[in-house]
Amino acid sequence: MKPGLVIGLNKKGPGLPQNKKEVMFIERVANHVTGMGWDVIFEKSVDDCATPSKRQVLINSKKSRKTQLISLLHEAGHIALFQNPEYLKRYPFGYFGATKRHHTYTLRHKIDVMREEIAAWDEAEKIIDRLNIEVNMKDFYVASYRDWE
């Protein structure tokens, strides 16, 4: 498998030790993702996402380093889920299994999406342990979904 690329990671910023550490952790996770043949692209004004058809992860570079790290870990968690041959069986109405008829507005879709999101956070925790990343993810888990209808 051909390694992916890391594009647009700006290593500059405040010279605080925490910032340098976060950049180091971002690089570590980005290397993990590119080692699986995915590209990691840091770009302004994008939604953080992993797109299997392009083997590409987009991370919003306007966000704080900590948020970029957390987002990249989460998207790496999605990649781990995508690699499972049972992915579409586990989430038949999720992001990539849903037909137009079942997409976005049904309870089935919402449940599968939430199940996948939680599983991606669980995979992110495994990556944190494997790569020896120092980050507290407790506040990030389901916070972005709590107002989701």
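The side chain of Asp 112 gets to 2.7 Å from the backbone nitrogen of Phe 93. This is a predicted model, where local features need pLDDT of at least 70 and side-chain atom pairs count only at pLDDT 80 or more, while totals for chains, interfaces and linings use all residues. Residues are numbered from 1 along each chain as its sequence is written, and side-chain values use heavy atoms, with hydrogens and water left out.

Asp 112 sits in helix α4 (helices are DSSP runs of H or I with at least four residues, strands are E runs of at least two, numbered from the N terminus). Asp 112 has 6% relative accessibility, so it counts as buried (under 20% relative accessible area, with exposed over 50% and partly exposed in between, using a 1.4 Å probe and protein chains only).

| From | To | Distance |
|---|---|---|
| Asp 112 side chain | Phe 93 backbone nitrogen | 2.7 Å |
| Asp 112 side chain | Arg 115 side chain | 2.7 Å |

What about the sheet? It's open, with four strands in the order β1-β2-β4-β3 and mixed pairing. β1 (6-7) and β3 (49-51) are at the edges with a single partner strand each, so one side of each has no neighbour in the sheet. β3 pairs with strand β4 (residues 56-60) in the antiparallel sense, over three bridges (strands pair if DSSP finds at least two bridges between them). Thr 51 has Gln 56 in β4 as its bridge partner.

Technical notes:
Polar contact = N/O pair within 3.5 Å; in protein donor to acceptor, adjacent residues only side chain to side chain.
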